[in-house]
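Reader: I'm new to this one, could you walk me through it?
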Amino acid sequence: MMTRKRVLTAVIGAALTIGASASAFAATTLKLSHNHPRDHAVHKAMDHMAKEVRKLTDGDVRIRIYPDAQLGTQRESMELMQNGALDMVKTNAAELEAFAPAYSAFNLPYLFRDKAHYSNVKESAVGEDILASSRDSGFIGLTYYDAGARSFYTSKPINTPADLKGLKIRVQPSPSAINMVKALGGSPTPLAYGELYTALQQGVVDAAENNIPSFSLSRHSEVSKYYSLDEHTMVPDVLVISTKAYDGLSEENRKALKTAAMSSMELMKSLWTQSEEKERAKAEKMGVKFITPNKTAFVEAVQPMYDTLDESNPELSKVVERIKAVQ
Ligand code: GCU
């Protein structure tokens, strides 16, 4: 005969087994695509987020990260997400401009007063409103990641906008980036990030613009030996999730996912600073010269982009005013 204690142990054991298999059965795995290598700071930050969300939901929500554009370019990944084949994409505000117009604000040159202003905007109400603005397009933003400032690089120093004249400059597929390069006197050439190394090497384009870690980790530093710190834009990386995947989670799991995303955004701040220093040193070792131009002429050349904004794009103009009002 079984003692009462043995019966209880057997019952609890069975309950645990059923519970465990039920929760394993219920686990949701979210597929996330991005175009950076595993040693990029943003991959490390998202890896942290994946561990956090798994912990916070007792294994209920898992994130599988596909780096290196294995699942396609940023644009292709966005389309896969909208078709339901992918759940999450780490992209950036320039790429998102075509999917949700409010992101354009981040692509306007010299909008942010300094790094603190840029950082505060990402964490402000207007920052959250931009993340939420794309619901009708089938996705929402979960968080921004610091991606520093973008500057021009090519085979000669760029000290003034006049040095950009006649250069074919690769830009992201963002109307604001195209307008900015035109305003500065260059010839904008939209191209996917993954095609840029060969394009620079073969002279399909003469120049490009990006932050220092992307410049170095993508090995563009092998083919462009001058990086001019004109710091025209501060374009954050953005983590987005399809509304289908997001709305399919329980409210508790949605909260856990947001908490994990915010925690990875915090971690990214220190990872980014370290990465900028490390990748600049690596590039210098490879013979890249870092130039510090006077920014005044660049700021003046892009001013027309703001002058008519009120009339040409009142919606964007309102977002810009809200951004300027952030302390
Ligand atoms: C940055 C950004 C990427 C983007 C790339 C680009 O590296 O992190 O998301 O694809 O710029 O210039 O295309």
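Reader: Which residues line the largest cavity?
Author: The largest cavity is lined by Ala94, Asn107, Arg150, Gln172, Ser174, Ala177, Met180, Glu209, Thr233 and Val235, where a cavity is a set of points on a 1 Å grid over the protein atoms alone at which a 1.4 Å probe fits but cannot get out, and lining residues have an atom within 4 Å of a point. This is a predicted model, in which local features need pLDDT of at least 70, side-chain atom pairs count only at pLDDT 80 or more, and totals for chains, interfaces and linings use all residues. Residues are numbered from 1 along each chain as its sequence is written, and side-chain values use heavy atoms, with hydrogens and water left out.
Reader: And what is the volume of the largest cavity?
Author: The largest cavity has a volume of about 80 Å³, a volume being the space filled by probe spheres set on the grid points, which are joined across faces, edges and corners.
Reader: Switching to the ligand, which residues surround it?
Author: The ligand has around it Asn35, His36, Gln74, Lys90, Asn92, Arg150, Arg170, Gln172, Tyr193, Asn210, Ser214 and Asp237, each with a heavy atom within 4 Å of it.
Reader: Why does the ligand lie between domain 1 and domain 2?
Author: Because domain 1 (4–105 + 114–145 + 238–266) and domain 2 (150–234 + 278–325) both give residues to the shell around the ligand; the bounds come from an automatic or database domain assignment.
Reader: How far is an oxygen atom of the ligand from the side chain of Arg170?
Author: An N or O atom in the Arg170 side chain is 2.7 Å from a ligand oxygen atom, and for Asn210 a polar side-chain atom lies 3.0 Å from a ligand oxygen atom; a polar contact is a pair of N or O atoms within 3.5 Å.

Note on methods
A polar contact is a pair of N or O atoms within 3.5 Å; within protein, one must be able to donate a hydrogen and the other to accept it, and residues adjacent in sequence count only if both atoms are side-chain atoms. On a 1 Å grid over the protein atoms alone, a cavity is a set of points where a 1.4 Å probe fits but cannot get out, and a pocket is an open set with protein on both sides within 12 Å along at least five of seven lines; lining residues have an atom within 4 Å of a point.
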